[in-house]
Structure formats: C-alpha cells, structure tokens
Amino acid sequence: MARRLSRRSLARYVVNGLLNDDRSVLSRLAAYLTETRRTKEASLIIRDVELLLAEQGTLIGTVTTAHPLSDGTLQALESSLRDAMQAEKVMLAREIDPDLIAGYRVSLPGRELDDSVKHHVTTLRTRLKKV
C-alpha cells in the first residue's frame, strides 16, 4: 500500500514534473489517487497545482465566451493577461456559454475577470434595486 502524501506534496511533485516537461507525472498522480482511494481530492490537487504554477510564473485558466474565439483573439488575450499579471506564460482553455450574451469571463487561480454582458446587466440590476 502506498504511503499517504499531503495534497501540497502531491501538487509540488506534479509541478516539478510539468516544469521539467514530464507529462507522465499526471498518469502517476492518477494512479496514486486511485490506489489510495483519494480520487475525490483530484480537483483540490489541481487547484493547488495551478496556484503553485502561478507562483512560478505560469498561469493556467479558462476563458468563457458566448461565441467561439479565434486563435488570434485567444493569443491576444493571453498576451494581455501575461503583461497585466506579470507572468512568463499564460495558457487558457476555451469554454462556450451562450448565457454570457457577449464579452468574456477569465478564471485564473485565485481570481476571476468578468467583462461579459451578463455580468454588466446583473450589476446594473443590483444597483437599480438599491435605488
């Protein structure tokens, strides 16, 4: 039976492997979590990995838009985020949510940037209720 390791230790192990271009570290993590019956902790470990990578200058996040982004637009957004967040590297996964109407929402470790029409309408509605 494998020795129980803390989530932080597992996250550090994964980050070290990823920074050294060892993609097999993810398979080993999955096997360890399965063997130790800790698969429910996977999302927490992923969050820890993302936070540790952010500390190392690599931001991993998700951009959600109402319509598909072109590759050029995604690259421009990643470049803007890299400059604004003073990161060495930004990698964004794409998601589509038609409820946003237009604009975008970027989720990064520890923060969220929401410039969607849905967010602006919700904010306006809340302000009007206070008046």
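**Helix packing and what lies around it**

Modeller: The axes of helix H1 (residues 7-19) and helix H3 (residues 42-55) come within 9 Å and cross at roughly 55°. The structure is a predicted model, in which local features need pLDDT of at least 70 and side-chain atom pairs count only at pLDDT 80 or more, while totals for chains, interfaces and linings use all residues. Residues are numbered from 1 along each chain as its sequence is written, and side-chain values use heavy atoms, with hydrogens and water left out.

Helices (H or I, at least four residues) and strands (E, at least two) are DSSP runs, numbered from the N terminus. Axes are lines fitted to C-alpha atoms, for helices over the stretch in contact, with angles from 0 to 180 degrees between N-to-C directions. Under 35 degrees counts as roughly parallel, over 145 as roughly antiparallel, 65 to 115 as roughly perpendicular and the rest as oblique. H1 and H3 are therefore oblique to each other. H1 also packs with helix H2 (residues 24-35): these two axes come within 9 Å and cross at roughly 160°, so H1 and H2 are roughly antiparallel.

Now the charge pairs. A salt bridge is a side-chain nitrogen of Lys or Arg within 4 Å of a carboxyl oxygen of Asp or Glu. By this rule the count comes to 7 salt bridges. One of them joins Arg38 and Glu41, 3.0 Å from N to O. How does this pair stand in terms of burial, buried or exposed? Buried means under 20% relative accessible area, exposed over 50%, and partly exposed in between (1.4 Å probe, protein chains only). Arg38 is buried because its relative accessible area is 3%, and Glu41, at 16%, counts as buried too.

Asp48 and Arg47 form another salt bridge, at 3.3 Å from N to O. Asp48 is buried because its relative accessible area is 4%, whereas Arg47, at 41%, is partly exposed. In a further salt bridge, the closest N and O atoms of Arg105 and Asp97 are 3.8 Å apart. Bridges that share partners link Arg4, Arg38 and Glu41 into one network.

Next come the loops. Gln86 lies in the loop between helix H4 (71-85) and strand E2 (89-96). Its relative accessible area of 73% is why Gln86 is classed as exposed. From Gln86 to Arg111 there are 25 residues in sequence and 15 Å in space, C-alpha to C-alpha. Glu88 is in the loop between H4 and E2 as well, and Glu88 is exposed because its relative accessible area is 66%.

Last, the backbone angles. Most residues other than glycine have a negative phi. Gln86, which is not a glycine, has a positive phi of about 55°. Ile101 is also a residue other than glycine with a positive value, its phi being near 70°. Ile101 sits in the loop between E2 and strand E3 (103-108).
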